[in-house]
Amino acid sequence: MMKLAVLLPLLLVSQVTKAATSTQPTWCGKNYEQGSPATAPAQSSFFTVPSTSSSPLLNLVCGQAIAPSVLGDSRATIAIRSQITHDVGSPIGSAPTSGNISVKVQIANTVVLQSVSIPVNSSLFSSFDFDLSVLSPSTTPSVVSCQATASSSSFTVTSSFIYLPQNPTTGASVVKMDKRTGAMLVPNGTESWEPFFPLGFFTAFGGYLDSNLAYLDDLKAKGVNTVHPIPPFDNTSALDLMLDKMQTMSGMYLMYDMRFTYTNLTSVKEEVDSIKSRPNLLLWYTGDEPDGSSDPENAGVLAYETINQEDGYHPVSLVLNCEDYKWTTYSAGADIIMQDTYPLYVNTTYSTEYHTVCNTTYGCCGCDNCEGNFNDIVSRIDSYYDRIHYTGRDLNATVWSTFQAFSGQFWSQNLTESQYLVMSVLSINHGSTGIISWQVPTTDDILNANLVLSNSLSSLIPFILSPSSLRSVPSTNSTIGSIDTALWTQSSSSLLLVANLGAAPSTFNVNFPSAFSSPASVLSYPSKVTPSLSQDGKSATITLSANGVAGWTFQHAVVNVASAAAAPTATSSGGGGGGSAKQTSSASTTMAMARGTRRSAALGVGLGIGLGWGNPLLRLQMCW
């Protein structure tokens with residue numbers, strides 16, 4: 001592990017070299033300092049949305065449902081889904097647009113599913129188990145080939161299947177991902193795994209965790225289940241003590257950060273080797289806003305490959321900051337793509353730090369291309385899932401959220417408890433499968449909000465992280481952009497989450513697909529809310545306070561969720577009810593349904609040096 005004395009000169013040299021090849025520092029590809037020209041980022045840096053096909057397309061998605069499989073597992077699962085779209089897929093030809101199609105699945109040229117039937121045009125994955133004994137474990141992924149046939153038409157797609165030997169590192173854990181939902185799966189006994197919703201904070205190490213391990217107990221008491229210590233870890237003895245302490249805390253997981261070293265593959269190997277034996281290691285973290293600072297474009301992928309060569313038993317994550325700057329390139333190096341939109345208490349049109357305007361071609365205001373309200377989070381998450389779909393990553397990427405848990409620089413004040421919970425519900429409603437916010441130390445309000453959400457997780461997880469849940473957007477009579485809703489439906493019960501994005505109380509109706517009964521509260525803030533069901537049970541009147549959130553489970557007659565998951569073929573729908581600021585394609589909407597669904601001033605803390613956010617000594621390309 002690199003000491004600060006070694007790390008800092010490398011950082012400085014790296015940035016000096018970068019500055020020598022760029023006439024102006026940029027953020028998200030945009031100049032932002034006074035006097036610099038307003039030059040738009042290259043058109044090639046923006047995400048290209050596929051053109052709309054006038055004829056229907058069949059988008060076949062097929063691959064490993066839970067990864068990795070590990071020697072000792074007796075069975076594995078293949079997830080398959082077909083959708084009729086007009087953006088991604090192959091011409092449907094004579095294949096039916098309803099009914100079923102037959103699929104044959106081979107892995108490494110071995111037939112594991114001879115012929116299985118799946119519905120055409122469904123937003124839910126069909127899942128099929130097979131006996132793993134027909135395959136041999138390997139550190140090299142195998143090729144999955146899926147061939148669907150219907151009438152005289154045939155469709156073939158390929159993906160990867162990971163079946164590893166047992167983890168050779170003594171005492172180390174294995175963390176899996178349910179690719180159908182994006183959920184983390186943590187061990188719960190022998191060959192038993194349970195879905196896990198990471199909830200926590202980027203947490204200062206220098207001057208905080210390194211000097212008082214009792215802070216870990218305080219965080220756990222506030223519902224934190226995942227700690228993300230912020231490097232550099234110059235005090236390795238203190239780091240070991242902190243990691244040892246975390247191992248004794250049941251249910252407390254580690255998110256290990258290599259933001260300053262992930263471009264140095266030698267360092268990546270050394271750090272992975274030193275940390276991978278920790279039984280509570282949840283995942284790795286590499287790039288911290290690499291799109292903003294224009295890190296080397298292949299750095300994330302190279303680090304990802306190196307991590308999987310050295311470990312392979314834990315997922316890899318990074319966070320992106322820009323609304324749209326080389327998204328495909330930078331997101332490619334992660335299983336978990338985090339978004340850190342910080343839209344409140346910030347001037348999104350004029351930079352209070354650099355005293356320039358901010359727009360789509362110039363300036364940095366701390367929230368790239370934002371409007372300055374909750375819907376910026378909605379738009380960002382929805383756009384990430386759109387792009388995951390467009391790039392064919394439906395089964396190999398998920399989105400987490402990072403919220404603002406601080407004030408200073410661009411942000412004039414801290415969030416309230418209610419505002420933090422609104423962001424949390426918005427994030428879950430639109431498919432985020434984890435929340436790790438920036439940063440601790442933070443306010444009591446934010447920690448209390450985290451505890452409120454934590455206390456609800458045991459009721460939320462069986463719905464939001466279940467591959468058998470159908471996520472939909474119930475209609476409301478609320479003003480667009482004011483109320484956000486999401487409904488997760490299972491056989492005989494459903495979960496409804498609602499959030500009031502407005503600064504005034506709101507009363508509205510929510511419509512249900514059938515008669516609902518027996519509402520049971522699972523989340524309510526700032527006061528308990530009881531929905532008033534209509535006489536036929538097909539709607540409810542709800543009153544939420546300003547920035548209020550609430551959630552209930554309901555009972556209803558048994559429904560065939562698979563049949564209810566039939567997807568529209570050519571409609572568009574805003575995600576999350578009235579809360580969506582932008583319209584999204586039907587393909588991305590049904591994809592989200594199928595999911596079921598900062599930089600640190602701490603670098604200088606305790607070191608006696610002024611390395612804060614935006615200090616040009618630390619990163620010449622840094623805007624904040």
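The model I am reading is a predicted one.

Next I looked up the strand that brings Gln64 to this position. Strand S3 covers residues 57-64 and pairs with S6 in the antiparallel sense, over eight bridges.

I then asked which strand S6 is also joined to by six bridges. I found strand S10, residues 126-131, and the two run antiparallel. For a residue pair here I noted Thr77, whose bridge partner in S10 is Asp129.

Is S6 enclosed or open to the outside? I counted residues 75-85 as the strand, and ten of the eleven are buried, so S6 is largely enclosed by the rest of the structure. I took under 20% relative accessible area as buried.

I moved on to helix H7, residues 299-310. H7 has twelve residues and spans 16 Å from first C-alpha to last, close to the 16 Å expected at 1.5 Å a residue.

Which residues of H7 are buried? I listed Ala299, Gly300, Ala303, Thr306 and Ile307. Looking down the axis of H7, I see the buried residues fall within an arc of 130°, so they line one face of the helix.

I checked what this face packs against.

Last, I looked past the end of the helix. Gly312 follows H7, and its phi is positive, near 85°.

Definitions and conventions
Residues numbered from 1 in each chain as written. Predicted model: local features only at pLDDT ≥ 70, side-chain atom pairs only at ≥ 80, totals over all residues. Heavy atoms only, no water. Helix = DSSP H or I, 4+ residues; strand = E, 2+ residues; numbered from the N terminus. Expected span 1.5 Å × (residues − 1). Buried < 20%, exposed > 50% of the residue type's maximum accessible area, 1.4 Å probe, protein only. Arc of directions from axis to C-beta. Pairing = 2+ DSSP bridges.
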